[in-house]
Amino acid sequence: MANRITSLFGIQYPLIQAGMIWCSGWELASAVSNAGGLGLIGSGSMYPDVLREQIRKCKAATTKPFGVNVPLLYPDIDKHIQIIIEEGVKIVFTSAGNPKTWTAHLKQHGITVVHVVANAKFAQKAADAGVDAIVAEGFEAGGHNGREETTTMVLIPLVRAAVNIPVIAAGGIATGRQMLAAMALGADGVQIGSRFVATPESSAHQNFKQAVISTNEGDTLLTLKQLVPVRLIRNKFCKEVEAAEARGATPDELKELLGRARAKKGMFEGDLDEGELEIGQVSAMLRQIKPAAEVVMEIVTECENARKELAAL
Ligand code: NDP
């Protein structure tokens, strides 16, 4: 499976584990990297000293490349960037912000930079900002999402046509067949989030993991579009947001309803009623919690087998 994504990161398979707040710490990132993919620490839910500790633990747990995902809308970004540089991390995925802000600075320090986008226009902007690759994330994805509602099926060909740098497909990918489909659409690799939430190595609360593997079709919703669009499981809190939006709540009213630390409450503390539960549509296909290395091997093997099957067409 060698291609320009495997050579860009120095990994075995073009399979990246998404950086996810409250779910992807050093245990998950190192497990995925050790299995031949690229693991990412999700820094958005970490205070600066926690991020430093997580990076150090990841370095101790793997000799393979790993990266850090920095969602630019979260606090203390400048401190996070400084720590990433000081700790010698070589790969950074930025998201939820302007790629111009940090790309040049990171690249000056020899860091490979990837930016996450949800439409072709921002893919072009990210390429102009000098990033090394793009994650194109479709409407199916969990957590923060684009406003355009472009599905992965449509987004990947659009982004492929817009830029020449490597494209990593995300949103709605949890199996080898989905990985192959994304590559057929023009992606050079895939980024997978939801599937890795339901692993023993993920730092998500057990209640959340169980909720993820119990989710059915139609159980997630892209909501809070007036603030930052986010796909959530339709629990009590999400239904309150839905009702508020239906009666025309203002952004300020929605902010008040959101309050503080809902994401932590749901995904890390396991409050399935009051917390935010960020997961992708593909959770409807997940029924088991299994080790990250097993997940990587299953996806890669299924992708290879499906490719051979289709070669006979
Ligand atoms: P909140 O802003 O509600 O609360 C911050 C959370 O992040 C707390 O759980 C806090 O932990 C943790 N945290 C980690 N590092 C830091 C840090 N350096 N400084 C402060 N808090 C930190 O968090 P959300 O995760 O819900 O949202 C994050 C950002 O996204 C905010 O800017 C928010 O306005 C924006 N946003 C989020 C939406 C969403 O759906 N989640 C929607 C709209 C906007 P602790 O509790 O231990 O202090």
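**Notebook: ligand site and nonpolar cores**

I began at the ligand, where a polar side-chain atom of Arg 260 lies 2.9 Å from one of the ligand's oxygen atoms. I note that the model is a predicted one.

I then asked how much of the ligand the protein covers. On its own the ligand has 850 Å² of accessible area, and the protein covers 79% of that.

An N or O atom in the side chain of Asp 76 is 2.6 Å from a nitrogen atom of the ligand. At Leu 73 the backbone takes part: one of its N or O atoms lies 3.4 Å from a ligand oxygen atom.

I listed the surroundings of the ligand next. The ligand is surrounded by 20 residues, of which Tyr 47, Asp 76, Ala 261, Lys 264 and Glu 276 are the closest.

The largest nonpolar core comprises 75 residues, and Leu 15, Ile 41, Ile 55, Ile 84, Val 159, Phe 196 and Phe 208 have the most contacts inside it. Helix H14 (residues 292-311) supplies the largest share of this core, seven residues. Domain 1 (4-204 + 283-307) and domain 2 (206-282) each contribute at least three residues to this core.

I followed Phe 208 individually. Leaving aside neighbours within four places in sequence, I found Phe 208 in contact with Cys 23, Val 197, Ile 233, Gly 266, Met 267, Leu 272, Leu 277, Glu 278 and Ile 279.

Finally, I recorded another core, lying apart from the largest one, with 14 residues, among them Phe 9, Ile 91, Phe 93 and Val 116.

Methods:
Residues are numbered from 1 along each chain as its sequence is written. This is a predicted model: local features need pLDDT of at least 70, side-chain atom pairs count only at pLDDT 80 or more; totals for chains, interfaces and linings use all residues. Side-chain values use heavy atoms; hydrogens and water are left out. A nonpolar core is a set of buried Ala, Val, Leu, Ile, Met, Phe, Trp, Tyr and Cys residues joined through side-chain atoms within 4.5 Å. Buried means under 20% relative accessible area, exposed over 50%, partly exposed in between (1.4 Å probe, protein chains only). Helices (H or I, at least four residues) and strands (E, at least two) are DSSP runs, numbered from the N terminus. Domain bounds come from an automatic or database domain assignment. Contact means heavy atoms within 4.5 Å. A residue is near a molecule or strand if one of its heavy atoms lies within 4 Å of it. A polar contact is a pair of N or O atoms within 3.5 Å; within protein, one must be able to donate a hydrogen and the other to accept it, and residues adjacent in sequence count only if both atoms are side-chain atoms. Accessible areas come from the Shrake-Rupley method with a 1.4 Å probe; for residues, only the protein chains shown count as cover.
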